[in-house]
Amino acid sequence: MLPYIHLFGKVIPMYGLCMATGLLLSSGLALWRARAEGGDVNSLLAIIACIVGCGIGGAKLLYLLVSCDPREVLRELARGDFTALANSGFVFYGGLIGGLLGALLGGRITGVSLRQYCAAVVPCVPLGHAFGRLGCFFAGCCYGRATDGPLGVHFPAAGIDEAVIPTQLIEAGLNLCLFLLLLRWADQSDRRATILPRYLMSYAIIRFLLEFLRGDEIRGFFAFLSVSQWISVALFLGCILWMSRNRRSA
Amino acid sequence: MGVASLVLGIIALLCGFFLAGLQWVGAIVGVIGIILGALGRKKPESKGIATAGLVCSIIGFIVCIIIYVACAGACAALSGAAGSLS
């Protein structure tokens, strides 16, 4: 666990550094790919800004809904107390949903069709996500269940005494594999048009299975599955419905 | 749009570097500055100033993100509440 590093005499938080690195790399790659395909880079940059802004907002909102009492948070905000906003975490699925809504907003603002940018942008999302998970590893959050195995990692500063499965690193590795797979699919004419549902379905499978290895109890649960698992199921089924409808109309 | 982007970019930089506790404001302002800067670059007459605003907004946003997100994540993890990027 390495929450901070010291660089040029400054204390740099690793989680934020990893997230910023992921954002810059994935956005830069998306813009480069769009430019290579003849797309309007300025419009895409505005869309990416909408995606990132709404994504961060969505990630924060879902965390507050799942892990805090929403009424208490609203009361605090009404008093001008932003502690809940400052000290609470983020949920990736909230970011994903917020990002999709942000993309729609960006499309409205710029007046361009989002379909033309999907193949350039979607493969870059798991790349940024992988860096975010590295940040989780350094911060000591989103850890797995306790284990006696050789892969166990200690996070003493996070108040965890036992060795736990490093699910952050596992998910980061799987996201990188997904990134490479999506790059390959984006180059195939028969799979390019469905790159977004392919990504959503692939990540839903990854997340659903990884949740069984997770050990941080703060994430929300409903019935016998975690909130993220329920979202994974809904996302997977929704994408199947979407792809079958598109196939029928084609 | 270019001027607005530059103003927002400067505000984002100030929030990131000098105004402790207002990084989340800087991040929001930075995002809006990036959008306005990108749209402003499409017009030839404002391309230069829009580019300057875009650069300031991107730097301001990144600095704010590093500080704000890290504080949120670290607080959540270290206080035992966990679940930063869940």
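At the start of helix α2 of chain A, a side-chain oxygen of A:D40 comes to within 3.2 Å of the backbone nitrogen of A:N42. Helices and strands here are DSSP runs, of H or I over at least four residues and of E over at least two respectively, numbered from the N terminus. This is a predicted model, in which local features need pLDDT of at least 70 and side-chain atom pairs count only at pLDDT 80 or more, while totals for chains, interfaces and linings use all residues. Residues are numbered from 1 along each chain as its sequence is written, chains are lettered from A in the order in which they are written, and side-chain values use heavy atoms, with hydrogens and water left out.

**Salt bridges**

- Over all chains the count comes to five salt bridges, each being a side-chain nitrogen of Lys or Arg within 4 Å of a carboxyl oxygen of Asp or Glu.
- A:D40 also forms a salt bridge with B:K42, with the closest N and O atoms 3.4 Å apart; B:K42 lies in the loop between α2 and α3 of chain B and A:D40 in the loop between α1 and α2 of chain A, so the pair joins two chains.
- B:K42 is partly exposed at 37% relative accessibility, and A:D40 is likewise partly exposed at 28% (buried means under 20% relative accessible area, exposed over 50%, and partly exposed in between, with a 1.4 Å probe and protein chains only).
- A:R133 forms a salt bridge with A:E171 at 3.2 Å between the closest N and O atoms, and this pair links distant parts of the chain, helix α7 and helix α8, 38 residues apart.
- A:R133 is buried at 1% relative accessible area, and A:E171 is buried at 2%.
- A:R214 and A:E211, both buried, meet in a salt bridge at 3.8 Å from N to O, and A:R207 is linked with them in a network of salt bridges.

**Strand pairing in chain A**

- Strands β1 (residues 4-7) and β2 (residues 10-13) of chain A run antiparallel and are joined by four bridges, where pairing requires that DSSP finds at least two bridges between the strands.
- A:Y4 stands opposite A:P13, and the two strands form a hairpin with two residues between them, where A:F8 in the turn has a positive phi of about 50°.

Note on methods. Polar contact = N/O pair within 3.5 Å; in protein donor to acceptor, adjacent residues only side chain to side chain.
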